[in-house]
Amino acid sequence: MPFTQLQTELNERAAQGLLRSRRTVDTPQSPHIVVDGKPYLAFCSNDYLGLANHPQLIAALQQGAQQWGVGAGAAHLVSGHFAPHHRLEQQLADFVGKPAALQFSTGYMANLGVVQALVGKADTVFADKLNHASLNDAMLLSRAQVKRYRHGDMEQLAELLVKTTCGRRLIITDAVFSMDGDIALLPELLSLCEQYDAWLLVDDAHGFGVLGEQGRGSLSHFGIASQRIIYMATLGKAAGVSGAFVAAEQVVIDTLINHARSYVYTTATPPALSVALSESLRLIAQGDDKRAHLQNLIAQLCNGLSDLPWQLMPSHTAIQPLLIGDNQQTLQLSEGLRERGICVAAIRPPTVPQGTARLRITLSAAHSAEDVDQLIKALHEHAR
Ligand SMILES: *Cc1c(COP(=O)(O)O)cnc(C)c1O
């Protein structure tokens, strides 16, 4: 059996401090979790508004299951598209200010589907080097020409656009970079799109629910709108449930319904999830106090960590990475915090570039100021 080779590769990964494994959590998603019988204070979820275990969403999901059962039973184009899916899509489109929206099972699938449906061999995709893995995989799968530009480098992007004269042009970017927490220069990207007749796919996995008026996301944050923008956001992070959606012009959505393979060839998500998501959307829209609390926590963390031997990366969002550099040292720091009862994820290559291993601290409106204080104290103790 050719398993020894697999084992050797895993051993090599382990020697480099890169082996990944999972920990089983025995309590619901929250800042306070129990792992292997031990309580921890956690700073590693993307549940930015604390909705993943919200009583109103639990009630909505229960009611949704009572009315609609637990399974969709078929793909959307067959007999799996139910009234709750349809209602949610209209609500999502209205919320982000687009004519139409389409629900996908996951954000990963949404990105694969959109890029593959909109561009092909004759076309070109322009991508920020720090984009999420799902966007990277999407552009490879699409078989379009790929041009990657240095993170946030609009000059290099403009040069690449000038040189590309035929086919469709699609710029793809994280809105809030998932491992860095900084926000893409969306107004600049949009004006490049106008100048060079390109489309802009914005992946707002970490902005939807958190940024902008009533949590409408990064387009609202910048006050920009354009038919050229294809907006994608996930529903398993701030929205607290599961899934994703794409919002765009009707003709784009109709194209996705016909050509996005990760939409067409998969069973629809349970309609009860869409019932819960409609309720989540209501809570997001009413969540100004949650977002204000989250902003306070971010400021508290940045102030509290300004004098550590490691630098917080330049982020104003709920993603606050502490740059360590070395893989083993990052693991040791994460372990040291764990011994003090605190969970923070160690992020290493290939998720981030070589030499930029980091602790990815994420804050949630469900944290208290005391929780954040505890993390600040533990990091200072470890630094000594
Ligand atoms: C999480 C994430 C995704 C994937 O979304 P899922 O719903 O978890 O599959 C896509 N893009 C970015 C930027 C993300 O952070």
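Biologist: How far is an oxygen atom of the ligand from a polar backbone atom of Gly107?

Modeller: Start with the general idea: a polar contact is a pair of N or O atoms within 3.5 Å. Within protein, one atom must be able to donate a hydrogen and the other to accept it, and residues adjacent in sequence count only if both atoms are side-chain atoms. Here, the distance at Gly107 is 2.7 Å. Ligand oxygens also sit 2.5 Å from a side-chain N or O atom of His206 and 2.6 Å from one of Lys237.

Biologist: What should I keep in mind about these numbers?

Modeller: This is a predicted model, where local features need pLDDT of at least 70 and side-chain atom pairs pLDDT 80 or more, while totals for chains, interfaces and linings use all residues. Residues are numbered from 1 along each chain as its sequence is written, and side-chain values use heavy atoms, with hydrogens and water left out.

Biologist: Okay, zooming out: how is the chain divided into domains?

Modeller: The bounds come from an automatic or database domain assignment. Domain 1 is 17–49 + 288–383, and domain 2 is 55–285. For their contact (heavy atoms within 4.5 Å), domain 1 supplies 20 residues and domain 2 supplies 19.

Biologist: And how much area is buried between them?

Modeller: Buried area is the accessible area (1.4 Å probe) that two parts lose on being put together, summed over both. Here that's about 1500 Å², with 61% from carbon and sulfur atoms. On the domain 1 side, Tyr48, Arg291 and Thr317 lose the most, together 32% of what that side buries.

Biologist: How many salt bridges cross that interface?

Modeller: Look for a side-chain nitrogen of Lys or Arg within 4 Å of a carboxyl oxygen of Asp or Glu. The rule finds 1 across the interface. Asp180 and Arg358 form a salt bridge, their closest N and O atoms 3.2 Å apart.

Biologist: Which backbone angles deserve a look?

Modeller: Most residues other than glycine have a negative phi, and most peptide bonds are trans. Asp36 has a positive phi of about 50 degrees, though it isn't a glycine. Pro349 and Pro350 are joined by a cis peptide bond, with omega about 5 degrees.
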